[in-house]
Amino acid sequence: MALHVLSGQEARIEKEIETGAPVYVSNNRATRLLERVRTQKPVIDIERGLYFTESFRETEGQPLNLRWAKALYHYAENATVYIEEDQLLAGRAGKLGRYGVLYPELDGDILDEAIARLPERETSPFDIDPADAKIVAEVISPFWKGKTFHEDLGTAFPPDTRKLTYNADGTSRFIVNETASYRSSIQWVHDYEIVLQKGISGIKAEAVERLGTLDPDSAVDTMEKKPFLEATILTCDAIVLWAHRHAVLAREKAERDPANRDFYLKIAEASDWVPENPPRSFYEAVQSQWYVQMFSRIEQKTGTVISNGRMDQYLWPYYKHDIVAGIITADEAQELLESMWVAMSEYVDLYLSEAGGAFNEGYAHWEAVTIGGVDRDGVDATNDLSYLFLRSKRDFPLNYPDLAARVHTLSPRRYLYEVAETIKEGSGFPKLINDDEVIPLLLAKGATMEEANDYAVSGCSEVRMPNRDTYTSPCAYINFAAALEMTLFHGQMLKWEGETIGLDVGAVEDFETFDQFLDAYLREQKYFIRHAFIQQHEIIRLRARHFASPLGSTLHKLCRDSFTDLHQPVIPGGIDLGYFEFIGYGTVIDSLAAIRKFVYEERKVTIRELQEAIRHNFEGYEELRKLLQSAPAYGNNDPYADAIGKRLDREALDFTAKYSGELGIHLDLRLVPFTSHVPFGKVVSATPNGRLAWTPLSDGSSASQGADKNGPTAVLLSNFATKNQGYRDRAARLLNVKLSPSCVAGDTGTAKLVQFIQAWHDLRLWHIQFNVLNTETLREAQRKPEEYRNLLVRIAGYSAYFTELSRDLQDDIIARTEQIAI
Amino acid sequence: MEQGLISNIQHYSLQDGPGIRTTVFLKGCPLRCRWCCNPETQSMEPETMKGTVTGTWMTVDQVLREVEKDEIFYRHGAGGLTVSGGEPLMQGAFTLALIREAKKRYLSTAMETSGQGDSGFLLEIAGLLDTIYMDIKSMDEAKHRKWTGAGNAAILQNIVQVAYLKQRGRLILRTPVIPGFNDEPEKIEAICQFVETLPPGIGYELLPYHRLGRDKYTGLDRDYPMEDVKLPEGRIETLRAIVEGHGLGLWDYSI
């Protein structure tokens, strides 16, 4: 057995520290590209914002989808195009290096102050050229003031809803948090395959033909279908023009740089041909997809960055053909894909608002690339390209793309083992999505078998059926720990003492039984969800005024069939899959369990005493805090706590089952925080589970910090036990499991990780992602123990919270000179 | 009804046998090894460590119901129950009853034992187990006594008997390598020679010393006997080479 048990990534890091030079598996074009950008701080590129502003200025009063298409065309005509040394894939949304893009139509009203703050901001900072900042202030910002969706939404909510959503100054209150004002749409996946099959010219030709069949006497034809088709045609022209301009530049470079002539001519030839035409090779297929993907980013700011669908499926025929014909080798294909990963990483998702930044800390991105799963026929779809993506994930030291692996009952053994090996490599990718949880739920919501089988992962943990899914409005994140606080404090929160924000559910101090208390909490919970639904009603209503997606609509069959833009509330034939987030699940369950046990069962503390302790943030109440922390907790496979969790889940499901239909959508219950549990925690004072004031809430469907004492099997089982599987109105539950390299060392270790994944799959849990524990994490935990309180380390028969160990024991574990079973 | 004094039941054990397992740690051990990293399992009495009481009386059924909670994780590999401690043989009757019932419930079974205990129970249990781990600490009787509180004669005899059992699961011998006790090449050489006298197909592995249970002694208000010793740099590699030189080792045959 190995003694220095380092993950592949750690071994690489150690070698780099030792030699002072980066270590790569292969030294190819992609690694050269990566070297150039790896440590750059991103810069704001204003061209997209500027050209959209210029175009919109000229198109007032026109149908929004047409305006949008014109803006895209104006961009395509005028934006700087780049051809970069070593980069075979042409097309980017900003200057060379790492860049962020402005979407002033979204929250441009806060552009000025955001730009001022961005370079020094702690979470995800950006630089901006002073000349560009000037243009923002003088040209872009003034045009959009008063016109943005953010402003429109800000005035739309009724007072009771407003109170829960915004502070007086319009900033987020982190209670019932809308997420629509900082992203133009929820996560999304385009049907990339249609561009490969028909070419943009084929899609355009169909639109042109239909345009010719319109009836000029028909008002609907003239006012609805005509703009849609014109927008389609113009968008097609725009993306083709954009591609062609790259070909022109590439030819110029070929002239000026004879040594690399062939390289540049290759790019030119491809950009002349795709995405206009169906690709003739794997390289052209990748380039075509890349153009669509990048143009989509120019079109709008999709939440989590536009997702990339089932790449191993739609690129497969081209890959297979080229390999067999000897046109490309696997290594060359991998190099090409890695060039794409680098280019993806250069576009950095830029959030102007505080909420946006805080919910997406660390330049978060989830441009999901899906591999594996079953095909439309329900048969395993794994192919050589799936394995190539995994190999690239192991070899290439970059946390792009966000690789998502679908797992089903008959996933091949090799696939599962390679997935496990890839996870072990240290990056924690791929995340796993469970076919056998997802597909039945999609069917229950009206999908056909083929559509459900063919789903693509989208964003952080969602799924899409391209050409069937039509929902695009971002949804509420709800702070249920705040609901609990309001239950205890008569609709008030200690952070805003004196202001009644929520429901006063009665004299909790006088309740005799836990059922009374739980009932009161559930009323507050329901109140919060009510307002989330009111938010959603307004968001759906107003978004169509501000956003159009001519590219997205062009690529969506239902949009094309009904001449309806993707952002319209109703698209005939569509299935609208939205959701709302339950943030603070573990925190709330544990708090209710503590109340049940110590207030109502063992009668060791009264509600009044609890309120006092919370007011004092447990200072002077240390014994009480310890007692509360000893209550049964979620994540330990303990029925006492899990029963409460299941009840909370069911009450939320009952609400959405009853009230989603009238909105015309499925607003499913989800437990996916991004990084919102941190800012949400900042407004919640101490909680009855012993959590201290203003500290992070529990994350996703994980246990509260430090509450999971029985290891990851118990966390999975608690997850399972708290689900209500008789309901269909459910979506993802985010589950992060910490993994130690030494624990899964060697072939035996891989096998055990596979077994764990198989058990997760059997339990029909939606999502799982492994965070590989490494030396960096442990050192971080030493520096900031308050953020790592649930970092459990297991030591030959003993488990301990790393942060509770003595310092030199921690150092021992970090040094890892002996074999330990963490 | 048979009850056992249980120190801890740990789910998701990855180092205590094939697959994903649940390890049941029994309380009570006849030895007092200086390097013990689970000191709270030594005494047969419940005691308090860092504010928590360790040592609960549980029936076979109670123990197995806890183990069976993770049943879904045992399915795809050869995971299941591992009995450890302390020294399971110190509660031989309970351990035997536990293993018997586990088999009735189609659980895979493993045990870790120091080998210091009643041969009757040991052999009967070994005949039922899928995997058995036995410690082999040193061939040096005097040193063995000085560092563990007992000699090695009974242990070696138990190992031989288990090795020759016609009906038994996999036998894996383990040597905890302790600085100052058995970390010299001659010591390991002697153990290897002994192992070579046994029937073939027995696994053997070295477990390098670690002091990660040290905090537990503080929690129990006890001094840590090992102080600040460490294995010399490169020593384990040298010793492993000796083991491999004898054609011994551990094969990952039952994943």
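**Notebook: chains A and B**

I began with contacts (heavy atoms within 4.5 Å) in chain A: among those with a separation of 6 or more, 78% join residues 24 or more positions apart. I am working on a predicted model, where local features need pLDDT of at least 70, side-chain atom pairs count only at pLDDT 80 or more, and totals for chains, interfaces and linings use all residues. Residues are numbered from 1 along each chain as its sequence is written, chains are lettered from A and ligands numbered from 1 in the order in which they are written, and side-chain values use heavy atoms, with hydrogens and water left out.

**Chain A, overall**

I looked up the secondary structure next. Chain A holds 34 helices and 16 strands. These are DSSP runs, numbered from the N terminus: helices are H or I with at least four residues, strands are E with at least two. I then checked the radius of gyration, taken over C-alpha atoms, against the globule rule of 2.2 Å times the number of residues to the power 0.38. Chain A has 27 Å, close to the 28 Å that the rule gives for 822 residues, so chain A is as compact as a globular protein of that length. Its C-alpha trace spans about 80 × 70 × 55 Å along the principal axes.

I noted burial too. Of the 822 residues in chain A, 65% are buried. Buried means under 20% relative accessible area, exposed over 50%, and partly exposed in between, with a 1.4 Å probe and protein chains only. Areas come from the Shrake-Rupley method with a 1.4 Å probe; for residues, only the protein chains shown count as cover.

Chain A has 90 positive and 121 negative charges, and their mean positions are 1 Å apart. Lys and Arg count as positive, Asp and Glu as negative; His and the chain ends are not counted. Each charge is placed at NZ of Lys, CZ of Arg, CG of Asp or CD of Glu.

**Domains of chain A**

I found domain 1 at 477–546 + 576–734 and domain 2 at 774–822. The bounds come from an automatic or database domain assignment. The C-alpha centres of the two domains lie 30 Å apart. I see nine residues of domain 1 in contact with six residues of domain 2.

**Two loop residues**

I picked I83(A), in the loop between α4 (64–78) and β2 (99–101). I83(A) counts as buried because its relative accessibility is 5%. Leaving aside residues up to four places away in sequence, I83(A) touches A90(A), H246(A), L249(A), A250(A), K253(A), Y264(A) and I267(A). Y264(A) is 181 residues from I83(A) along the chain, yet their C-alpha atoms are separated by 8.3 Å.

I then went to S742(A), in the loop between β13 (736–739) and α32 (746–762). S742(A) is buried, at 7% relative accessible area. L773(A) is 31 residues from S742(A) in sequence and 9.4 Å away, C-alpha to C-alpha.

**Chain B**

I repeated the survey here. Chain B has nine helices and ten strands. Its radius of gyration is 18 Å, in agreement with the value near 18 Å for a compact globule of 255 residues. The C-alpha atoms fill a box of roughly 45 × 45 × 30 Å along the principal axes. Buried residues account for 58% of the 255 in chain B. Of the chain B contacts with a separation of 6 or more, 71% link residues 24 or more positions apart. Chain B exposes about 10400 Å², 50% of it supplied by carbon and sulfur atoms. I place the mean positions of its 28 positive and 34 negative charges 2 Å apart.
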